[in-house]
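Biologist: I have just opened this one and would like a walk through it. Could you take me along slowly?

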Amino acid sequence: MIFSKHFMQKKSLASAVKVTVLASFVALAGCASLPPHPELEALQTRYEVMSGQSYASQEAQDELVKTRDAIALGRDAYERDDDDELSHYIFVADKNLDIAEARIELYETRAQIASATEVRENLLREGRDFDVARAEAEARAATADARLAQSDAARSGAALSAQQTQLALREAELRDQERELDVKDAELAAKQAQLEAAEREAQALADELEEVSMVVNERGTVLVLSDIMFDFDSAALKPGSENALNKIAQFLINQDSSDLKVEGHTDSLGTDGYNLVLSSDRAESVRDALVARGVPRERISIAGYGEDYPVASNDGEAGRQLNRRVEIVLNDQVGRPVGIGAR
């Protein structure tokens, strides 16, 4: 009877999850902004249903709190269009919900085991309490009842042993899931620390060299080389740029896990076609100089964008000088490919 009741509770919970998920999608379908993310909404529904269970607050409080926080961080990543962080927090929320559900199941299983143990002890006690002084007919009936009780007790003991084995297996699975979460968190923290170290090193390089500045944006860490490294209307590097290129190359060699992209840009003077060729030639000159100083060629891609992506107005000389530049873009902290990206 206990197991039937537990099964009906599970069935009702599954129906409630399905109804709540459908209601959530219908309610959110009218939003005019970013559409709801199906996996996040399904996780939110699971979280709300599980939070309402009678044992949730005492058996799975920590996992439910972690789930709530991971869903919130996942929504933030979704709004920022950060797919890698979104996947991470969906994984964290899902695993914590699995752990929370398992902890509640463990609590219910232990309660069932305790109930089965009590039944077994009652049956044994009843067998010992038979009155051996009864009449022969009553004694035979008592003996039959005792045999029946012993048979039931044996079956109850076998079921108890099976439940304990399942409990041990489930607890081992929970420990594996928790270790997996710890590994994922450690990997994310290591990537973040690696990015911060690279940015500090790039900033130190930019502070030291007047030919270089640094920008950190959605594409990652970007080193901007000013036009004083080239003569006007030329793709040949000036001899005076040797010191800057040596230090830039050493910095890039230290970032040995990062792919690089060298991008050339010009101002608006001249024709579109001419500027496109000049920007590409300047990017190629910087690439070749870095390769000559030990940066592996296979790590570097190049592109020339001409006047298409200005960073200042081309109406004055100061703005045109800023637009005449070469940028070196490194991978960002989650390994997204370098490229022109969003401007």
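Modeller: A term to begin with: buried means under 20% relative accessible area, exposed means over 50%, and partly exposed is in between, with a 1.4 Å probe and protein chains only. By that rule Arg 287 is buried, with a relative accessible area of 12%. This is a predicted model, in which local features need pLDDT of at least 70 and side-chain atom pairs count only at pLDDT 80 or more, while totals for chains, interfaces and linings use all residues. Residues are numbered from 1 along each chain as its sequence is written, and side-chain values use heavy atoms, with hydrogens and water left out.

Biologist: Which residue does Arg 287 form a salt bridge with?

Modeller: Its partner is Glu 284, and the closest N and O atoms are 3.8 Å apart; a salt bridge here is a side-chain nitrogen of Lys or Arg within 4 Å of a carboxyl oxygen of Asp or Glu. Arg 287 and Glu 284 are three residues apart in helix 8 (residues 272-292), so about one helical turn separates them. Glu 284 is partly exposed, with a relative accessible area of 33%.

Biologist: What about Glu 173, which side chain does it meet in a salt bridge?

Modeller: That is the side chain of Arg 170, at 3.0 Å from N to O. Both residues lie in helix 6, three residues apart, about one turn of the helix. Glu 173 counts as partly exposed at 36% relative accessibility, and Arg 170 counts as partly exposed at 22%.

Biologist: Let me step back for a moment. How many helices and strands does the protein have?

Modeller: The secondary structure comes to nine helices and five strands, taken as DSSP runs numbered from the N terminus, with H or I runs of at least four residues for helices and E runs of at least two for strands. Along the sequence the pattern reads α-α-α-α-α-α-β-β-α-β-α-β-α-β.

Biologist: And what share of the residues is buried?

Modeller: Of the 343 residues in the protein, 36% are buried. The protein exposes about 19300 Å², of which carbon and sulfur atoms supply 54%, with areas from the Shrake-Rupley method with a 1.4 Å probe, and for residues only the protein chains shown count as cover.

Biologist: Back to helices, then: which residues of helix 7 are buried?

Modeller: They are Ala 244, Leu 245, Ile 248, Ala 249, Phe 251 and Leu 252. Seen down the axis of helix 7, these buried residues fall within an arc of 160°, so they line one face of the helix; the arc is that of the directions from the helix axis to the C-beta atoms.

Biologist: I keep looking at Leu 160. Is it buried or exposed?

Modeller: Leu 160 is buried, with a relative accessible area of 12%, and it is found in helix 6. Leaving aside neighbours within four places in sequence, Leu 160 is in contact (heavy atoms within 4.5 Å) with Ile 113, Thr 117 and Arg 120. Leu 160 and Ala 114 are 46 residues apart in sequence, and their C-alpha atoms are 9.1 Å apart in space.

Biologist: Where is Asp 81 found?

Modeller: Asp 81 is in the loop between helix 4 (61-79) and helix 5 (83-128). Its phi is near 60°, a positive value in a residue other than glycine, and Asp 81 is exposed, with a relative accessible area of 57%.
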